[in-house]
Amino acid sequence: MSTDQGQLTGRGLDGFYRAGRRVLSRCQIRVAGREPLAVQARMVGADLARFVGTLRSSPQAGPDPDVVVERTRHADGTERIALHSAAARPLRLPVEVALGTDLADLGAIVSGNAGPELPATVHDCGLRWSSAKGSSTVTADPPPADALASAGLLRWEFVLPPGGSASIELRVRPDGAGPVRAVGRAATSPLATARAVGDDPGVEALLRTSIEDLQALLLRDPTHPSDIHLAAGAPWRCGLAPAETLAAARMTLPLGTGLAAGTLRTLARTQLRGQGSQSGMIPAPMRDAGTHLPPSCTGTEATLLFPALLAEARRWGLPEPEAEELLPAAESCLTWLRTTVGDGTYLPDPQPGGPVRCETQAHAHRAALLGADLLDSFGRPGAAELRQWAGALRNAFRADFWIDDLGGGRPAAARAPDGRLMSHLGAAAVHLLDTGLLGGGEQAPGLLDKVQTDQLARLFGGPTMDSGWGLRGLGVKEAGHNPFGHRSGAVRVYETALAVAGLAAADYEKESSALLRGVLAAAAVFGHRLPDMYAGEQRTNGSAPLPHPAACRPAATAAAAGVLFLTTLAGIRPDAPAGTVTLRPVRSAPLGEIILTGLRIAGAPFSVRVSRLGLAMVEEAADGLQLRA
């Protein structure tokens with residue numbers, strides 16, 4: 001991480017990180033005693049950045065620079081520094097690289113407690129730093145002519161002929177650590193390299209960059225290396241975050257079921273066992289829920305997402321033996337759901353005295369219906385009970401969670417323990433539209449009736465929630481609204497994607513298309529590498545979305561959302577066990593013609609074209625896969 005100047009200064013978050021520790025905080029270049037003038041900084045890929053600076057070899061040489069300093073920085077801890085001369089005479093260029101580190105944890109850095117730089121020692125072809133927390137080493141190729149441990153300096157002197165070049169490669173690595181191997185670059189990557197082309201030039205870049213980001217975030221389970229899952233995002237969440245990892249795997253099902261399978265197997269091994277009230281849960285941390293509600297339990301969300309992902313992965317073509325292997329873990333999630341609800345109607349908050357949350361009921365309802373579908377498919381008991389409870393939940397929710405007002409009403413965000421409805425309008429209500437995929441290309445029913453869904457679509461399509469760049473986390477008129485509040489007003493790309501897909505599936509194309517166009521405009525500003533959130537400021541002529549200082553970029557849910565945004569336009573609803581696929585494209589074709597190639601259904605390539613008239617045509621599919629009307 002660095003600023004666009006390219007120098008790692010040791011200030012703020014600057015540095016190379018490995019496993020949450022800053023192994024190098026300072027890497028500053030001086031050529032001929034001066035810092036290069038930064039002229040460009042560009043992300044070349046999700047894990048690669050290029051910085052270009054210039055120098056004038058002599059102040060008397062006029063205004064034109066004649067030395068270019070190019071730094072190519074890779075997330076694996078490698079930096080290549082190249083010097084290029086355009087001078088008409090040979091140049092003698094002394095180069096100094098000042099290095100340092102504090103070996104601080106990311107949490108300490110964020111809280112301002114990083115501590116001082118550590119003293120260096122000369123080691124091999126570079127420098128080494130040690131503390132009680134560990135050690136790190138920087139090596140250089142070619143070896144420096146001089147290494148000064150006290151100043152943290154490596155020095156070279158190059159003689160460049162006219163038009164000549166020279167380069168230095170630095171490698172930073174914690175002691176005892178091997179080279180980083182990027183899972184997504186291997187032939188075993190579970191993600192298909194799909195492509196998008198169309199009338200809107202942004203679709204190609206969005207899908208390509210989203211897949212690059214997803215590949216860069218792939219991790220292997222260290223105890224089961226064949227199982228691959230996503231890290232939540234850089235820099236804050238470089239490990240497994242169960243709810244976000246499941247949500248991202250679900251959105252990437254059009255790229256194949258391998259990621260879903262690896263994610264489910266990894267999380268099944270973490271599932272709580274025993275006889276206690278938490279038996280069957282996927283453990284996960286609490287998460288801030290904004291200004292109106294106490295923190296929510298992402299373990300509840302992950303536990304309810306598990307059977308839904310397994311059921312939908314099977315529809316996309318997860319092989320039956322793999323699905324059956326995961327079925328006991330899904331049944332344990334569903335047993336936990338029914339046991340926790342007990343004789344009641346609603347799934348309660350895990351915290352004593354906590355509210356009954358709207359989005360939790362939406363997750364639970366979807367898990368029950370898709371879980372029942374899954375149980376039926378394998379001849380397992382319990383499906384009828386789940387459907388019966390889901391029906392009772394629907395009937396109660398439509399009466400108990402709807403607030404009538406002069407504007408047409410809204411769903412309550414939660415019910416307090418005393419029965420009071422919490423009326424703030426936020427993006428969490430989008431989960432009411434994310435009902436899930438059943439067999440035969442049918443969407444599962446939702447918790448809202450048709451009139452209530454009409455009203456929610458109207459609210460999401462209005463300026464209170466639609467910022468012009470995407471869906472705000474909290475309505476602009478609500479108390480506590482903050483355009484930078486990550487749960488109270490910022491645009492969260494994941495929730496915007498669910499809104500786009502849910503509104504399109506329910507035939508609210510105007511509202512869906514407006515949100516889609518807004519987030520694609522934001523994506524262009526972010527170089528089509530969407531962060532997980534950005535400020536919910538209202539879009540105006542000539543404005544641009546404001547980055548959020550605490551956003552992850554790349555982020556698993558934002559990158560996966562790029563896949564969902566574009567596949568929503570084709571309305572792909574597969575049923576691989578039945579050998580069919582249903583297409584429900586967005587008829588208004590908000591981006592004009594779009595062609596998606598290299599997707600996967602039933603493990604085989606799948607390509608589809610949506611015309612400017614909103615008609616979808618399959619151009620490539622697995623043998624025997626039938627188009628269902």
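Student: What does the side chain of Trp-156 reach at 3.3 Å?

Tutor: The side chain of Trp-156 reaches the backbone oxygen of Pro-143 at that distance, 3.3 Å. A polar contact is a pair of N or O atoms within 3.5 Å; within protein, one must be able to donate a hydrogen and the other to accept it, and residues adjacent in sequence count only if both atoms are side-chain atoms.

Student: On what basis are such values given?

Tutor: The model is predicted, so local features need pLDDT of at least 70 and side-chain atom pairs count only at pLDDT 80 or more, while totals for chains, interfaces and linings use all residues. Residues are numbered from 1 along each chain as its sequence is written, and side-chain values use heavy atoms, with hydrogens and water left out.

Student: Is Trp-156 buried or exposed?

Tutor: Trp-156 is buried, at 5% relative accessibility. Buried means under 20% relative accessible area, exposed over 50%, and partly exposed in between, with a 1.4 Å probe and protein chains only. Trp-156 belongs to strand S14 (residues 153-160); helices (H or I, at least four residues) and strands (E, at least two) are DSSP runs numbered from the N terminus.

Student: Which residues does Trp-156 touch?

Tutor: Setting aside residues up to four places away in sequence, they include Leu-93, Pro-94, Val-95, Ala-140, Pro-142, Ile-168 and Leu-170. Contact means heavy atoms within 4.5 Å.

Student: Which residues does Thr-78 touch?

Tutor: With residues up to four places away not counted, Phe-16, Glu-169, Leu-170 and Arg-171 are among them. Thr-78 lies in strand S8 (residues 78-85) and is buried at 14% relative accessibility. Its side chain also makes a polar contact of 3.0 Å with the side chain of Asp-76.

Student: Changing topic, how many disulfides are there?

Tutor: The count is 0 disulfides, a disulfide being a pair of cysteine sulfur atoms within 2.5 Å.

Student: In what order do the strands of the open sheet run?

Tutor: The order of the 4 strands is S16-S30-S31-S32, with antiparallel pairing. Strand S16 (195-198) and strand S32 (616-620) are the edge strands, each pairing on one side only. The twist from one strand to the next averages 25°. Two strands pair if DSSP finds at least two bridges between them.

Student: How many bridges join S30 to S31?

Tutor: Strand S30 (residues 594-601) and strand S31 (residues 604-610) are joined by 6 bridges. Ile-594 has Val-610 in S31 as its bridge partner.

Student: Which helix lies across S16, S30 and S31?

Tutor: Helix H12 (residues 556-570) does, running at about 105° to S30. Axes are lines fitted to C-alpha atoms, for helices over the stretch in contact, and angles run from 0 to 180 degrees between N-to-C directions.

Student: What covers the buried residues of H11?

Tutor: The cover includes helix H2 (202-216), helix H9 (450-461), helix H10 (493-505), strand S27 (533-534) and H12. Among the buried residues of H11 are Leu-515, Leu-516, Val-519 and Leu-520.
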